[in-house]
Amino acid sequence: MTTTATVGFQTVPLESTLRSASLLSRTWLTPAYVRVRLSGPELRGFTAPGADDHVRLFLAPPGSSAPPTPEQWREFDSREYTPVSHDPEAGWVDFDFLVHAVGTGSEWASNARLGSVCAIGGPRRSNAIAGEPDALFLAGDETAIPAITRFLRQRKPGLPARVLVEVSQDNVQVPLPIDDATDLTVLVRPGELLTETLAGLAAADRPAGNVLAFVAAESAVVPVARGLLQNRWDIPSDAVIVKGYWRQD
């Protein structure tokens, strides 16, 4: 079954700005998943309209003050993240971090003192939704939960959404904004894997109508997800986003 591409993603360029901020608060959502709120006057006017928009966080070393130039900020360690929510008038942005045993970002999110300085660069572009989808298909691991959260928050009330998330046992309780129109499946590693679940879905499992699809996880998910979405389900390529957010060493 092939549907006409009446819905899809359109890439919209944005003016990229580097904005300094500081760590305002930290909230543990699960034992291994933490939400941090960054705030500061330069975050007033910050915008990230797309659900999977990415920005680059520049993390100053402990005890550092904010450097005066973007060039100096770019000398610090940095990582890419999806803002989970923001208020451009109040001047704050929330990010959710998966806490690893090692990792610059998770170490900072877990242990940086409140008031620690950082900077947000971007987003440089956004994937805007064109048209009105009949359903959403969203899948990913913990790294994709911020984007999945934003897709669910931004949909119109009652829009059906099929959601698959793969998490560790520590993150089973990670919150998602679900409602009666959400069909949520939580896969728990190591026994349940996203790639295997996607590979096992058949043409009959396809949501009806014009589907907007987003899948992001470890890079091995990419060919499996494309095989499902574009081959077995015949979803037009411009209505599909598939990303490998990280690579297994």
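This is a predicted model: local features need pLDDT of at least 70, side-chain atom pairs count only at pLDDT 80 or more; totals for chains, interfaces and linings use all residues.

User: In what order do the strands of the open sheet lie, and with what pairing?

Analyst: Strands of a sheet pair through backbone hydrogen bonds, either parallel or antiparallel. Strands here are DSSP runs of E, at least two residues; helices are runs of H or I, at least four; both are numbered from the N terminus. Two strands pair if DSSP finds at least two bridges between them. The open sheet has 7 strands, ordered β5-β4-β8-β2-β3-β7-β6, with antiparallel pairing. Its edge strands are β5 (77–81) and β6 (83–87). Inside the sheet order, β2 (residues 18–30) and β3 (residues 33–39) share 7 bridges. Serine 22 has serine 39 in β3 as its bridge partner.

User: Which strands does α2 lie across?

Analyst: Contact means heavy atoms within 4.5 Å. Angles run from 0 to 180 degrees between N-to-C directions, with axes fitted to C-alpha atoms, for helices over the stretch in contact. Helix α2 lies across β2, β3, β4 (55–59), β5, β7 (92–98) and β8 (117–121), at about 75° to β2. Helix α3 touches β3, β6 and β7, and its direction makes about 55° with that of β6.

User: Is serine 106 buried or exposed?

Analyst: Buried means under 20% relative accessible area, exposed over 50%, partly exposed in between (1.4 Å probe, protein chains only). Serine 106 has 4% relative accessibility, so it counts as buried. Serine 106 sits in helix α2 (residues 104–111). Leaving out residues up to four places away in sequence, serine 106 touches Tyr81, Phe97, Leu98, Val99 and His100.

User: How many aromatic pairs are there?

Analyst: Rings of Phe, Tyr and Trp (its six-membered ring) pair if their centres lie within 6.5 Å; planes under 30 degrees apart are stacked, over 60 edge-to-face, the rest tilted. By this rule there are 5 aromatic pairs. The ring centres of phenylalanine 137 and tryptophan 233 are 5.0 Å apart and the planes are at 85°, so this pair is edge-to-face. Phenylalanine 137 is in strand β10 (residues 135–141), and tryptophan 233 is in the loop between α5 (221–232) and β14 (240–246), 96 residues apart. Both phenylalanine 137 and tryptophan 233 are buried.

Methods: Residues are numbered from 1 along each chain as its sequence is written. Side-chain values use heavy atoms; hydrogens and water are left out.
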